[in-house]
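Here is a quick tour for anyone meeting this structure for the first time. Have a look at the sequence and the model, then read on.

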Amino acid sequence: MNPYYELPQDEAGYSFGFLDEYAKREVRRNILKAICIPGYQTPYASREMPMGRGFGTGGLQLTLSLVGWGDTLKVIDQGADDSVNAVNLRHFIELTCPGVDTTEQTREATLIQSRHRIPERQLTNAQVLVLQVPYPDPLVVVEPSEARRKIMHGEGDYSRLLTKLYEDIVRFDEITISHRYPTRINGHYVLDPSPIPRFDIPKLNQSPALILFGAGREKKIYAVPPYTNAEPLAFDDIAFRTEDFTDEQGRRRSCHRCGATDSFLDEFTRDDGVRIYQCSDSDYCNQGIVAHILSAGEAAL
Amino acid sequence: MGYVAIKGGGVAIKGSLEALETLRAAEGEQGVPLSLSAIENQLRLLTSRIVSEGGLYHPRLAALAIKQMQGDTLEAAFALRAYRSTKPRLMSTPVQETRRMRVIRRISSAFKDIPGGQMLGPTYDYALRLMRIDLADESPEVFREIAAKFMADTPGDALPETYPKVVEALRKDGLLPEAPAHDIEPFDITREPLIFPIPRSAVLSSMARAETGSLLALAYSNMRGYGDIHPTIAELRVGYLPVYLPHPVTGEEIEAGEVLITECEVVAMYENSDNKSKPVFTLGYGACFGHNETKAISMAVLDRALQKGMKEGPTNPSEDPEFVVLHVDGVDSMGFANHYKMPHYVTFQSDMDRLRTTQAKAEQKRGNKK
Amino acid sequence: MTHYESYPRRDWPRLLLALPPQKVMEAARELTERCLVDDQALPQSGLALLQLRDGALAEPYFIGEIPLSRAHVTVVDDKGEKGEGAAQILDDRASLARAMAILDAVLANKLNGSENIEILLEEGARRLLRDEASRSVILKRTRVDFSLLDATGEDNEI
Amino acid sequence: MNTDLNSKALASVWAPAAQQLSFRKLMTAFSFPGRIETMTPEIQNKDFTVLRMILATLTDGEVTVADPHHMIDDHDWSKLETNRETPEKARFIVARGDIAPMFSPGLGSLECPETGATIILRVEHLGRGEPLVLRGPGIQSVKEVACSGLGAAWLCKRQEWNGAFPLGVDMILFDASRVIALPRTTRITTKEGKSWDM
């Protein structure tokens with residue numbers, strides 16, 4: 001640099017939503033195409049964000065292109081609002097989008113960005129869920145070339161993926177895919193639903209809320225529109241199964257905190273070696289406790 | 001209760017940032033903060049890496065990034081990339097010709113007698129890698145004298161600033177294929193998604209901002225035997241490229257500033273292509289922002305390897321455009337490697353569920369057999 | 001369009017960029033006090049894709065991005081003379097580009113005050129010469145003399 | 001929220017805040033085909049037309065626009081900084097619903113269906129006129145929407161263009177203040193159950 005050069009201090013500064021308007025417009029155009037072609041991975045020119053590829057930059061670019069004044073945003077990771085990554089993303093959005101409200105309550109949010117979970121509480125058609133995606137293409141396991149995968153997707157040809165699932169069954173007598181379970185949308189495209197547990201897959205089907213997926217590193221955007229069929233790939237004789245939370249006696253385990261028996265549970269080992277379970281969705285858990293207290297209060301009256 | 005492992009993230013993040021800052025300033029009372037100009041000049045090869053891997057020629061911001069990231073090249077390049085996302089794209093420049101480069105170094109390993117001559121310029125090639133203990137305690141006075149001394153006694157007339165390109169001479173002799181300048185609009189990797197197959201301009205752009213070590217590793221695999229390029233350097237040049245833009249009022253070419261770049265052409269063995277034309281040598285091309293010869297050479301070797309792979313189909317990883325282009329970007333790959341540090345509690349819970357179910361089934365089977 | 005005789009217009013930005021920016025800004029500020037400056041386009045700071053031609057197949061490609069600031073102005077001096085000027089510089093200060101666009105307008109159209117800018121150009125040229133000289137020394141002192149090597153090979157040791 | 005700041009930022013169709021709001025309306029329209037969305041009533045100045053709002057929100061120099069019925073004026077072309085193209089090649093096509101389409105828009109390819117055109121169609125009135133019966137993603141069971149000033153030729157052609165999913169075109173229908181969207185997945189019949197297949 002010229003020896004007299006000085007970094008401009010007064011001409012720096014970021015605009016609303018960090019991204020420049022051209023970047024937002026491109027993301028927005030691709031969101032509309034993703035909705036029109038349910039489950040199709042729309043390519044876009046992902047921009048670099050100030051956090052690592054793999055830390056939710058795809059979801060973040062969607063959120064920053066969507067969010068505006070009047071929105072109430074919730075950011076979660078592993079179901080929790082105060083997971084380190086969720087805190088970091090929320091902080092960044094608050095910094096670059098002044099005037100946008102944030103919340104920890106699923107009910108209040110108009111826009112929810114999440115990693116690895118779909119909230120337990122059923123979303124409404126006034127809400128939009130943005131999921132962060134590390135690997136967008138379920139066909140990668142059977143076909144390394146993207147050019148060939150695009151043709152397979154276009155033709156709706158998933159025979160090799162089904163063969164892979166079948167081989168699993170032969171080997172382990174069980175489909176071994178734990179999360180990122182390949183799911184067919186509107187009878188055509190099979191998508192990678194991001195690393196949500198199988199427990200959350202049924203929430204994709206006929207969801208009242210629009211669900212958007214952003215893969216920043218792999219530069220793809222895709223969508224499950226509201227009220228759209230989403231079916232996990234399965235076989236007639238081996239059904240799709242969600243995670244099993246029953247104990248040795250065959251009873252559904254409950255959250256040790258709120259007592260819920262219908263939520264996805266995190267597993268902890270207490271200092272004394274006893275294994276305990278707790279809701280992964282922290283808002284759902286908190287709401288459960290609040291409801292308990294309220295009903296206990298009413299009973300006491 | 002105390003079992004909510006993921007609570008309290010916000011407090012920990014704040015503490016972590018402060019710990020980072022503390023270590024940056026850990027020299028204590030003797031500490032002097034690094035000046036950006038010192039980084040830019042005294043660590044000029046590090047700055048060079050950052051401007052090229054960051055994809056933005058802004059040495060001062062690169063120096064700031066180096067300071068802020070405590071010397072981590074991947075993080076610093078990353079900061080420069082993110083900075084780009086906030087700035088509007090004003091234009092793409094007209095094609096700039098590198099023969100106009102104001103060189104400070106220019107060599108060829110193909111010919112000793114290249115038109116205009118060979119100038120070693122600043123290079124470590126012939127510097128002995130012996131520790132110079134005298135640098136451990138350098139006096140500022142002596143340090144400031146170094147440049148003045150070098151400049152003091154220079155005999156004779158000034159040499160020209162610009163030099164013809166060696167490959168142009170080879171072309172005149174009919175040793176290289178003719179390369180008529182065609183002005184197809186190049187691929188913009190910062191805007192257009194990479195959908196394979198991609199044009200060569202996309203490959204060149206991707207490699208120009210690739211991570212030096214990643215490019216080197218793939219090029220080295222080709223040199224060692226996973227490939228057969230066997231390159232000879234026709235020309236390696238380092239210098240300042242003036243950027244000419246049309247004046248908004250008159251339209252005439254005006255210099256807007258200059259950019260330090262490194263450029264390299266390698267000659268490889270001729271191909272037994274179609275029988276109609278006469279056999280000629282083939283070329284590979286590499287260039288990047290800043291002074292970074294390892295990167296330019298690696299890129300040139302890979303470009304040649306990829307040309308072969310695009311034409312005849314890849315037989316080695318270094319000849320496969322998808323493999324090379326998708327794996328050499330430092331910002332992409334480091335981001336992904338690091339994301340594994342994030343919580344994966346839910347997916348791991350799900351993994352455990354699958355393993356336990358499969359284990360139970362296996363046990364049941366064994367039981368049945370008994 | 002009249003051009004200043006000693007330095008062609010194409011060299012002005014290069015000469016002005018060789019100066020401390022405060023000098024350019026100050027010169028523009030002085031002119032603004034006496035002249036009417038009207039922005040033809042809003043001064044902008046952003047990025048440009050740098051397009052090069054590759055040396056192997058002569059194909060254009062983008063090596064990366066450069067900072068770019070630009071401004072385009074019309075200046076009317078205190079005698080009522082009017083002229084257009086612009087600047088595009090490899091720099092991220094739109095204010096500097098605007099200052100240089102004002103100087104460009106005044107110089108190119110020989111508006112009132114252009115003499116002071118000529119002095120600035122002179123000074124820029126002197127500084128530029130110094131930078132160029134240092135590069136020239138590098139070339140001269142590192143030139144490999146193959147003819148010497150052929151004639152008296154043994155003497156060419158370090 | 002600072003309402004002063006808010007109203008100022010929304011004052012022009014070219015303002016980023018206005019385009020964000022407008023995009024969200026379009027996204028809702030595409031998410032729920034047939035749902036009538038009123039475009040940014042906050043903007044009251046004469047600058048505002050629905051077409052200008054849609055184009056300012058979705059187009060720029062990165063895409064191409066066709067205007068076979070000359071609905072975009074020169075001033076808007078220069079402000080949009082977008083590229084003119086023939087309807088056969090354009091990513092966005094602006095047209096009148098009362099004039100039968102005389103072109104074949106891009107439908108995309110099997111590998112890249114997203115390159116199928118978006119057709120922005122002016123109709124007379126949404127919510128009044130011929131009822132259309134819609135089914136498909138985004139619609140819980142059936143959705144009815146009335147529309148006047150949309151020639152039957154458009155619906156026939158649409159059916160033809162969208163015959164081989166994932167190829168096809170997506171549509172935005174607009175009147176003086178409102179829009180509905182018809183993604184390629186939406187199946188349209190008349191009240192009597194007649195489809196537009198001819």
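## A hairpin in chain A

Strand β11 (residues 265-269) of chain A runs antiparallel to strand β12 (residues 275-279) of chain A, and five bridges join them. A quick word on terms: strands (E, at least two residues) and helices (H or I, at least four) are DSSP runs numbered from the N terminus, and two strands pair if DSSP finds at least two bridges between them. L265(A), for instance, has C279(A) in β12(A) as its bridge partner. The two strands make a hairpin with five residues between them, and G273(A) in the turn has a positive phi of about 90 degrees.

Is β11(A) mostly covered or mostly open? It's mostly covered, with four of its five residues buried (buried is under 20% relative accessible area, exposed over 50%, partly exposed in between, using a 1.4 Å probe and protein chains only).

## Ground rules

This is a predicted model, where local features need pLDDT of at least 70, side-chain atom pairs count only at pLDDT 80 or more, and totals for chains, interfaces and linings use all residues. Residues are numbered from 1 along each chain as its sequence is written, chains are lettered from A and ligands numbered from 1 in the order in which they are written, and side-chain values use heavy atoms, leaving out hydrogens and water.

## Where chain C meets chain B

Chain C puts 57 residues into this contact and chain B puts in 90, contact meaning heavy atoms within 4.5 Å. About 6,500 Å² is buried between them, with carbon and sulfur atoms giving 61%; that's the accessible area (1.4 Å probe) two parts lose on being put together, summed over both.

Eight salt bridges turn up across this interface (a side-chain nitrogen of Lys or Arg within 4 Å of a carboxyl oxygen of Asp or Glu). One of them links E255(B) with R14(C), whose closest N and O atoms are 3.3 Å apart. There's strand pairing too: strand β3 (residues 118-119) of chain B and β4(C) run antiparallel, joined by two bridges. Q118(B) has V144(C) as its bridge partner there.

## Where chain C meets chain A

Here the contact takes twelve residues from chain C and six from chain A. The buried area is about 780 Å², 42% of it from carbon and sulfur atoms. L17(C), D92(C) and R93(C) supply 45% of what chain C buries against chain A, more than any other three residues. The salt bridge count between these two chains is zero.
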